[in-house]
Amino acid sequence: MGGSMKNRKRVTLEPDLEADVAFLNAYQRRALARKFERWAHQLRLSATILLAEQKPKPKPSLRAVCPRRLRLN
């Protein structure tokens, strides 16, 4: 007897987000959420790549050989 309505919970959005999506219906909100998830994934991946590029490169395992010795080979 209306028990499902009593158990319904309302989600409180952050004020900025609520202002941005106030006029969107449920389907539009889902579409926007998918876009944000895709963007978040791309941002995490690009941050990982940027951090990997900042690490110092390992020194070459072979010593440098002077040109005079190279000519002997």
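**Patches and a serine contact**

Me: Which helix holds Arg 68?
Reply: This is a predicted model, where local features need pLDDT of at least 70, side-chain atom pairs count only at pLDDT 80 or more, and totals for chains, interfaces and linings use all residues. Residues are numbered from 1 along each chain as its sequence is written, and side-chain values use heavy atoms, without hydrogens and water. Helices are DSSP runs of H or I, at least four residues, numbered from the N terminus. Arg 68 falls within residues 67-72, helix H4.

Me: Is Arg 68 buried or exposed?
Reply: Buried means under 20% relative accessible area, exposed over 50%, partly exposed in between (Shrake-Rupley, 1.4 Å probe, protein chains only). Arg 68 has 58%, so it is exposed.

Me: Which residues form the positive surface patch?
Reply: Like charges are joined within 9 Å, placed at CZ for Arg. Lys and Arg count as positive. The members are Arg 63, Arg 68, Arg 69 and Arg 71.

Me: What accessible area does the nonpolar patch with Leu 17 have?
Reply: Leu 17 sits in helix H2 (residues 15-21). Leu 17 is partly exposed because its relative accessible area is 35%. Nonpolar side chains are joined within 5 Å. With Phe 36 and Trp 39, the area is about 280 Å².

Me: Which residue's backbone oxygen does the Ser 46 side chain reach?
Reply: Ser 46 lies in helix H3 (residues 26-54). Ser 46 is partly exposed, because its relative accessibility is 33%. At 3.0 Å, its side chain reaches the backbone oxygen of Leu 43.

Notes: Patches are made of residues with over 30% relative accessible area and no salt bridge: like charges are joined within 9 Å, nonpolar side chains (Val, Leu, Ile, Met, Phe, Trp, Tyr) within 5 Å. A salt bridge is a side-chain nitrogen of Lys or Arg within 4 Å of a carboxyl oxygen of Asp or Glu. Helices (H or I, at least four residues) and strands (E, at least two) are DSSP runs, numbered from the N terminus. A polar contact is a pair of N or O atoms within 3.5 Å; within protein, one must be able to donate a hydrogen and the other to accept it, and residues adjacent in sequence count only if both atoms are side-chain atoms.
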